[in-house]
Every structure is written in structure tokens, then in C-alpha cells.
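This report goes through one protein model part by part. Please look at the sequence and the structure first.

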Amino acid sequence: MQITPLNLPAEAEQLSQWLLSEPWPFHGQPQASETQLLEKIAQGYFFSSNHQSFWLATDQDAQAGFVRIFDLDDIADDGYPMFDLRIRQVWRGQGLGRQALQWLTRYVFETWPALDRMAGTTRLDNHAMRRVFRLCGYVKEGHYRQDWPTADGLCLDTVHYAILRQDWLTGQITPVNWLDE
Ligand SMILES: CC(C)(COP(=O)(O)OP(=O)(O)OC[C@H]1O[C@@H](n2cnc3c(N)ncnc32)[C@H](O)[C@@H]1OP(=O)(O)O)[C@@H](O)C(=O)NCCC(=O)NCCS
């Protein structure tokens with residue numbers, strides 16, 4: 001997999017068309033219009049001091065996937081970044097999600113050497129993403145009940161996964177102590 005930084009504003013139109021080219025039910029505003037997307041792009045949602053974005057390429061498709069890192073400004077306040085990851089339908093189930101998260105984890109820990117952790121969330125029923133988290137050494141740390149409103153009026157649970165730098169370095173898993181009460 002090759003990784004290329006998103007080039008804005010040159011690729012604004014291309015990015016909005018790419019996002020509109022298929023549904024993303026596990027992302028906020030799954031039905032966003034082109035105008036809304038272009039507005040978000042202009043506001044720095046994909047690239048700013050707080051955000052970075054990258055295309056994920058295969059030999060056959062220069063835009064097979066896309067990843068956005070956010071909450072980078074929080075690092076200065078002892079916070080940590082989060083991310084969202086998208087692989088086009090045609091390329092799913094072939095290991096790209098796993099490779100992308102492995103790359104991303106390395107990129108973040110190497111770029112911000114004082115950072116101790118990074119994290120991501122997804123919806124309870126996103127089994128593919130949950131599997132990718134576990135395969136990449138992320139541990140479930142949070143479970144938010146009825147937290148994620150869906151287009152059909154339901155409210156599903158959100159799950160939160162994180163990886164510690166020390167686990168990334170050692171390949172070990174530090175378990176959560178759930179029995180502390
Ligand atoms: C979630 C997503 C990023 C995973 O990427 P992917 O390239 O399909 O995942 P991989 O091919 O690397 O698969 C990793 C593992 O997940 C498993 N997996 C894939 N799809 C699955 C599914 N629907 N249910 C359960 N497991 C699944 C694979 O079998 C593999 O596990 P294995 O190695 O033990 O067999 C991708 O499906 C996607 O972009 N989905 C839509 C957007 C999205 O949901 N993004 C996450 C929002 S936070």
C-alpha cells in the first residue's frame with residue numbers, strides 16, 4: 001500500500017466526488033451533499049493544524065482508501081488524536097484496512113514522540129472495523145450505550161478502542177481492569 005498526503009485545495013473537488021461515490025453508513029453525515037462537503041473541506045475538516053488526511057493507494061487504484069486524523073491540537077494539552085478510515089467497497093476484505101491502521105499507528109507515534117496513546121471509535125455493529133482494531137493491537141476501553149443515532153431513528157452503542165505507545169513498542173497488550181468496583 002502506498003500513502004499520499006491529501007493535497008488541498010487542489011484535490012478538493014476530487015475528494016468530494018470520492019466521498020460521494022459510495023455510501024459511508026458508519027460516518028457522521030452519511031448523506032452529505034457536495035456543497036456541504038466542499039464547505040467542510042474549506043473549513044479545514046480534512047487538513048488544518050488539527051487534521052491531516054491521506055490517500056491509500058494500491059497498484060490498481062490510487063484512491064482505494066482514505067484516512068483522516070483529527071484532534072491533533074489536543075496533543076499539546078496532553079490529549080491524543082483519533083482517526084477515521086475508509087476503504088472503497090471493491091477493495092474491502094483484502095487486508096487494506098489492517099495495513100492502513102498499522103501504518104497510521106506508526107506514523108502518529110513516530111511523528112509525535114511524546115504521545116502515549118491514540119484511539120478510535122466505531123459503531124457497535126461495525127464488525128470489520130472492530131476486527132481491524134483488535135488485529136492492530138488496539139484494546140476496547142469504552143462502551144457508550146445508545147450513543148450513535150442512525151438514519152432510521154435508532155440509537156446504537158459506540159465502542160472506543162485505543163493503543164498505548166508501550167504496547168505498540170513491545171507488541172504486548174495491557175488489559176483494562178474492568179473489575180475495579
Ligand atoms: C472497516 C474497514 C476500514 C475495514 O477495512 P478492510 O480493508 O475491509 O479490512 P481488512 O481486509 O483489513 O480486514 C481485517 C479483518 O477484518 C475482518 N473483516 C472484514 N470484514 C468483516 C466483516 N464484515 N465482519 C467481520 N469481520 C470482517 C477480515 O476477515 C479480517 O480479519 P482476518 O484477518 O482475521 O480474516 C472497511 O471495511 C471500511 O472502509 N468500511 C466502511 C467505512 C468504515 O466503516 N470505516 C470505519 C469507521 S470508524
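The model is predicted. Its largest nonpolar core holds 32 residues, and the members that touch the most others are Leu56, Val67, Ala100, Leu101, Leu104, Phe133 and Tyr138. At least two core residues come from each of helix H1 (12–20), helix H2 (34–42), strand S2 (52–57), strand S3 (65–70), strand S4 (82–87), helix H3 (96–111), helix H4 (127–135) and strand S7 (155–164). H3 supplies the largest share, five residues. In soluble globular proteins, nonpolar side chains tend to be buried together.

## Overall layout

The protein has five helices and seven strands. In sequence order they give the pattern β-α-α-β-β-β-α-β-α-β-β-α. The C-alpha trace spans about 50 × 40 × 35 Å along the principal axes.

The radius of gyration is 17 Å, which agrees with the value near 16 Å that a compact globule of 181 residues would have. Of the 181 residues, 24% are buried. Among contacts with a separation of 6 or more, 52% are between residues 24 or more positions apart.

## Around the ligand

Which residues come nearest to the ligand? Of the 21 residues around the ligand, these are Arg92, Gly97, Arg98, Ala128 and Arg131. S4, H3 and H4 are the elements that give two or more residues to this shell. H4 gives the most, with six residues.

Sorted by class, the shell around the ligand contains nine nonpolar, seven polar and five charged residues.

## The buried side of H1

Leu15, Ser16 and Leu19 are the buried residues to look at in H1. They lie on the same side of H1, because they cover an arc of only 95° around the axis. An α-helix has 3.6 residues a turn, so residues three or four places apart point the same way.

What do the buried residues of H1 pack against? Their packing partner is H2.

Pro9 sits in the loop between strand S1 (2–5) and H1. The peptide bond that joins Leu8 and Pro9 is cis, with omega about 5°.

Ser21 belongs to the loop between H1 and H2. Is Ser21 buried or exposed? Ser21 is exposed, because 10 other C-beta atoms lie within 10 Å and a residue with 12 or fewer counts as exposed. Ser21 and Arg88 are 67 residues apart along the chain, and 9.2 Å separates their C-alpha atoms.

Tyr45 is in the loop between H2 and S2. Tyr45 counts as partly exposed because it has 15 C-beta neighbours inside 10 Å. Once neighbours within four places in sequence are set aside, Tyr45 is in contact with Lys40 and His51. The C-alpha atoms of Tyr45 and Thr4 are separated by 18 Å, and these two residues are 41 residues apart along the chain.

## Backbone exceptions

Most residues other than glycine have a negative phi, and most peptide bonds are trans. The cis bond between Leu8 and Pro9 has already been described. Asp71 and Gln146 are taken up here for their phi values.

Asp71 has a positive phi, near 65°, although it is not a glycine. Its place is the loop between S3 and S4. Asp71 is partly exposed, because 15 other C-beta atoms lie within 10 Å.

Gln146 is also a residue other than glycine with a positive phi, here near 45°. Gln146 is found in strand S6 (residues 139–149). With 10 other C-beta atoms within 10 Å, Gln146 is exposed.

How values were computed. Residues numbered from 1 in each chain as written. Predicted model: local features only at pLDDT ≥ 70, side-chain atom pairs only at ≥ 80, totals over all residues. Core = buried A, V, L, I, M, F, W, Y, C linked by C-beta atoms within 7 Å. Buried ≥ 20, exposed ≤ 12 C-beta atoms within 10 Å, placed from the backbone. Helix = DSSP H or I, 4+ residues; strand = E, 2+ residues; numbered from the N terminus. Near = placed C-beta within 6 Å. Nonpolar A, V, L, I, M, F, W, Y, C, P; charged D, E, K, R; others polar. Arc of directions from axis to C-beta. Contact = placed C-beta atoms within 7 Å. Rg over C-alpha atoms; globule rule 2.2 N^0.38 Å.
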